[in-house]
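Colleague: Could you walk me through this one? I'd like to start with how you use your words.

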Amino acid sequence: RSSLTCPHCLKQSNTFDPFLCISLPIPLRQTRPVCVTLVFSSKGQRYLRVGLAVPLFGSLACLRRMVADEGKISPDQVILTEIYTTGFKRSFFDDDDLTSIAESDIIYAFQAPPLYIRGGSARISAGHRLAASGALSSEFLNQADGMVKILLLVCNAAGAGQQAVRFGPPFLMREDRSVSWDQLQQSILSKLYYLMINGSQAHNFRVLFKIRVVGGSASYSYLNPQDGRPLYHPAVDRALKLCGSGGPPHVKLIVEWEHRIKDCLFGNIQEEVVKDSESVRAQQQHHVQQHSCTLDECFELYTKEEQLAPDDAWKCPHCKQLQQGTVQMSLWTLPDILILHLKRFRQVGERRNKLSTLVHFPLMGLAMGRHVVKRSNCVRPPHGWKQQAHHRSEASRHSLDFLYDLYAVCNHHGGMHGGHYTAYCRNSVDGQWYAYDDSTVEPVPEGEVCTRGAYILFYQRRDAIPSWSANCSLQGEHSNLHYCISSYQGQTNRKHTKKCIMKRVLEYSLKVLLLSISFQPEISFLIILDFV
């Protein structure tokens, strides 16, 4: 039954539809772990990796606020970047999508120092952005005595281009844009002296390294040591224009060292070692355990009341106006054979994936009474509707009328672009579970029937199971099958009795399996072939 309720007059419209199966949604985890390395601007820059539980969907503005809260700083001071083994790759801004960051990406968050302008200090605000012309806002940059300062993110690499290998910790500088090459080189060296094993040798080289601008253009752009003001290079202007909203404008620089100079000054130094906070381990442990749920939770999500979107507004027949009504699905009657389809495949925008959530389902005694709608005199099914279980009392909701036992599971292995189907079926003769995989059939313990690959579940109402079946909980000595087997053990015409037994078993098994053909013929056909 589909119920649509008007939020204004509270009138309810009910639609009854037959179903071949029930497609159950699977509850989703709402967060995922992301590790971010904080780089504080205090003296002797401190590094700390933290673990954050970020929403599955959203913008980078959310991550920026979470980082700021973790570091106890203002969100406007946070610069988010991704770093590869070759150096800086990209920066993140508030309009970017959270899905652009993978869990394995190496993310750094730099704390920009507070600005000092005429009249005292001022924090960076979201409004201090680039002007329409692309030039930096005078409110944002320090302009005292003609000096303009910009923020530089710097990392060191041995080699050049894609062959470069990063070493040492990245750092942030706030530099006068009009400095000469020698002054810029000395400022960089002052940040690195504590890493050098032979700092005195640095004075023997006129040009110690090359400086590459990241994001300045499609091709590599290097600052020219011969320029009087290298930070006025066009690549620096282009990099500043690429800065979006959220965080202060900045330029990413990769300092490329020749291997011989790097080895002479720094030895065999590698990437920095960053201390992990407790939150890293806590978030990884919390999320590494793949999400699991129960079949009851899937039913609760299926029958959850939802409000229509504005574009789906419904014209209430009583109010005569478009209303964002609330819609709710519920079960009015239940069949003898209950087929449950777990919705493991989903698509969000351009992304498609398969859910590997472990859904715990019972093999025996699935109680459906709590999921069947409670009847009232004011709600009646359409004329001629089958009155199955309609007049049963509430006391019978936990009787055999609403108890189901599992007899088969269809499993899907693989992903969106390909996969393989297998099946688990309970034999009605010996009551044991078997795994069917193409031409291979082998016993499987009951404890291994519930897996992350379970896709379609086949249940049978307990009071509809024939008494001769080994799956029947009401079987006794006088059941048909038991009688046939007993006769087989005592009769001389065993060939005839054996045919009788196999005929009964095959008739029942085919009857049960054929009921599922109308749901998904190709899967049912595979199961039947496996059975035969």
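Modeller: Buried means under 20% relative accessible area, exposed over 50%, and partly exposed in between, with a 1.4 Å probe and protein chains only as cover. Helices (H or I, at least four residues) and strands (E, at least two) are DSSP runs numbered from the N terminus. This is a predicted model, in which local features need pLDDT of at least 70, side-chain atom pairs count only at pLDDT 80 or more, and totals for chains, interfaces and linings use all residues. Residues are numbered from 1 along each chain as its sequence is written, and side-chain values use heavy atoms, with hydrogens and water left out.

Colleague: Okay, which residues of β16 point one way, and which the other?

Modeller: Val251, Leu253, Val255 and Trp257 point one way, while Lys252, Ile254 and Glu256 point the other way, and all of them are buried.

Colleague: And what does β14 do with β16?

Modeller: Strand β14, residues 209-214, pairs with β16 in the antiparallel sense over six bridges, where pairing requires that DSSP finds at least two bridges between two strands. Valine 214 stands opposite lysine 252 of β16.

Colleague: Switching topic, where does threonine 357 lie, and is it buried or exposed?

Modeller: Threonine 357 lies in the loop between β25 (351-354) and β26 (358-360), and it counts as buried because its relative accessible area is 8%. Leaving aside residues up to four places away in sequence, its contacts (heavy atoms within 4.5 Å) include His291, Cys293 and Arg452.

Colleague: How many helices and strands does the protein have?

Modeller: The protein has nine helices and 32 strands, and 47% of its 532 residues count as buried.
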